[in-house]
Amino acid sequence: MIKEIKKDVFWVGFVDWNVRDFHGYETDKGSTYNAYIINDEKKILVDSVKYPFVKDLISNIEEVFPVSELDYIICNHAEPDHASSIPVVVAQNPDVVVVCNAKCQSFLGMQFDTTGWNFQIIKEGDTFSTGNRTLTFANTPMAHWPESMVTYLIEEKLLFSMDAFGQHYASASRFDDEQSMPEVIFEATKYYANIILPFGKQVLKAIDKLSSLEIDMIAPSHGIVWRSHIDVILDLYNKWATHTADKKVVVFYDSMWQSTEIMARAIVDGAFEVPGVEVKLFDVKATHITEIATQIIDCAAFAAGTPTLNMGMMPKMGEALVYLRGLAPQNKLAFAFGSYGWAKKAGPHEVHAILEDMKMNMLLEKPIQSQFRPTEDILADLRAKGKQLAEHAATK
Ligand code: FEO
């Protein structure tokens with residue numbers, strides 16, 4: 001069902017209630033692919049939807065005007081979840097002009113057959129009349145791809161923000177104030193942690209650019225439209241982009257015969273001794289990497305543990321650490337721990353090496369290890385180190 005979000009500006013996207021995997025990201029609340037039309041003297045489509053839902057996009061547009069009357073498609077980002085329906089729209093209306101930056105044109109051409117398309121290449125700061133209103137554009141590279149840009153409808157103070165400020169969150173209504181805010185904020189946090197986190201510097205530059213704009217509404221490409229909590233989401237992006245931590249400790253581990261699990265619980269017990277610090281424990285077999293990343297984003301300190309398997313770490317721990325290394329969290333105090341049977345320099349050492357490679361602030365020069373079952377001395381040491389993590393978190 002389409003929704004008029006500003007006068008003559010309509011949401012015409014698709015709510016994907018059923019998607020549960022988005023290139024490895026567990027989307028347990030589904031998602032939306034938000035596309036918008038501006039029905040002015042010029043008829044404009046801002047972005048599109050994932051290809052399987054192109055019929056829904058077209059029927060939504062045609063509730064307002066026929067696709068044959070569309071004058072322009074603004075493509076803010078060439079990733080297929082937003083661009084892969086554009087070829088179908090162009091095929092139905094070959095006269096339509098695709099408006100994008102030069103890099104986006106190149107990316108579109110490497111993914112789709114754009115032969116014969118009419119392009120209008122714009123640069124940052126260009127203005128573009130819709131008839132009675134004016135659009136302008138700002139490049140926001142790496143939020144989320146190098147060609148990413150945002151479009152601003154000046155008179156309505158409406159920012160089409162592309163992936164930035166989005167959430168993988170399916171809902172029947174479109175605005176932030178029509179949803180449970182804690183749920184939306186959690187999904188926005190998860191989205192930032194799993195998609196935007198590596199690009200903090202670029203996000204800060206983008207926020208700096210946007211700070212000169214008066215913003216009355218932010219219409220991202222996924223999830224709800226922000227109109228009542230704009231300051232909240234901007235403040236959160238500032239916090240995340242500057243890697244600001246909360247008073248929080250996370251312990252995650254895999255275990256084979258519970259020795260490493262007993263060690264993990266000892267760290268948590270130690271951390272619990274420090275009041276006012278949130279402490280979380282996750283078994284990587286039971287918790288998806290999407291959730292681990294969401295918890296790591298705002299923690300001040302963490303510990304990662306594995307037993308030794310075949311002279312290395314357990315595969316689920318490998319998956320979690322490779323994923324986290326790619327997301328590049330910063331400013332965390334960390335250490336590795338785990339058990340072994342007879343290979344003393346294997347699994348936990350591998351975890352330690354990856355944490356060093358991630359440039360975590362290492363609490364210890366080597367992992368805390370236990371040969372088979374942890375002794376009371378080892379558990380006491382782990383409790384002390386857990387307390388140290390929490391004492392550090394308490395300073396945040
Ligand atoms: Fe939602 Fe980077 O695409």
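F65 sits in the loop that runs between α1 (54-61) and β9 (72-74). The model is predicted. The protein contains 12 helices and 22 strands, and 59% of its 396 residues are buried.

**Surroundings of F65**

- Leaving aside residues up to four places away in sequence, F65 is in contact with I37, I38, N39, K43 and L70.
- One of these partners, I37, is 28 residues from F65 in sequence, and the C-alpha atoms of F65 and I37 are 9.8 Å apart.

**Burial of helix α9**

- Helix α9 covers residues 289-296.
- Of the 8 residues of α9, 7 are buried, so the helix is largely enclosed by the rest of the structure.
- The buried positions in α9 are I289, T290, I292, A293, T294, Q295 and I296.
- Strands that cover these buried residues include β5 (25-26), β17 (248-253), β18 (278-283) and β19 (301-305).
- Helices also contribute to the cover of α9, among them α5 and α10 (315-327).

**Packing of α5 against α9**

- Two packed helices are described by the angle between their axes and the distance between the axes.
- For α5 (residues 181-196) and α9, the axes come within 8 Å and cross at roughly 95°.
- An angle of 65 to 115 degrees counts as roughly perpendicular, and α5 and α9 are therefore roughly perpendicular to each other.
- On the α5 side, the residues in contact are F186, T189, K190, A193 and N194.
- On the α9 side, the contacting residues are I289, T290, E291, A293, T294 and Q295.
- Among the α9 residues that meet α5, I289, T290, A293, T294 and Q295 are buried.

**The chain as a whole**

- Along the principal axes, the C-alpha atoms fill a box of roughly 75 × 40 × 35 Å.
- Among contacts with a separation of 6 or more, 72% join residues 24 or more positions apart; the contact between F65 and I37, at 28 residues apart, is one of this kind.
- The accessible surface comes to about 15900 Å², and carbon and sulfur atoms account for 51% of that area.
- There are 37 positive and 52 negative side chains in the protein.
- The centres of the positive and negative sets lie 6 Å apart.

Note on methods: Residues are numbered from 1 along each chain as its sequence is written. This is a predicted model: local features need pLDDT of at least 70, side-chain atom pairs count only at pLDDT 80 or more; totals for chains, interfaces and linings use all residues. Side-chain values use heavy atoms; hydrogens and water are left out. Helices (H or I, at least four residues) and strands (E, at least two) are DSSP runs, numbered from the N terminus. Buried means under 20% relative accessible area, exposed over 50%, partly exposed in between (1.4 Å probe, protein chains only). Contact means heavy atoms within 4.5 Å. Accessible areas come from the Shrake-Rupley method with a 1.4 Å probe; for residues, only the protein chains shown count as cover. Lys and Arg count as positive and Asp and Glu as negative; His and the chain ends are not counted. The place of a charge is taken as NZ of Lys, CZ of Arg, CG of Asp or CD of Glu. Axes are lines fitted to C-alpha atoms, for helices over the stretch in contact, and angles run from 0 to 180 degrees between N-to-C directions. Angles under 35 degrees count as roughly parallel, over 145 as roughly antiparallel, 65 to 115 as roughly perpendicular and the rest as oblique.
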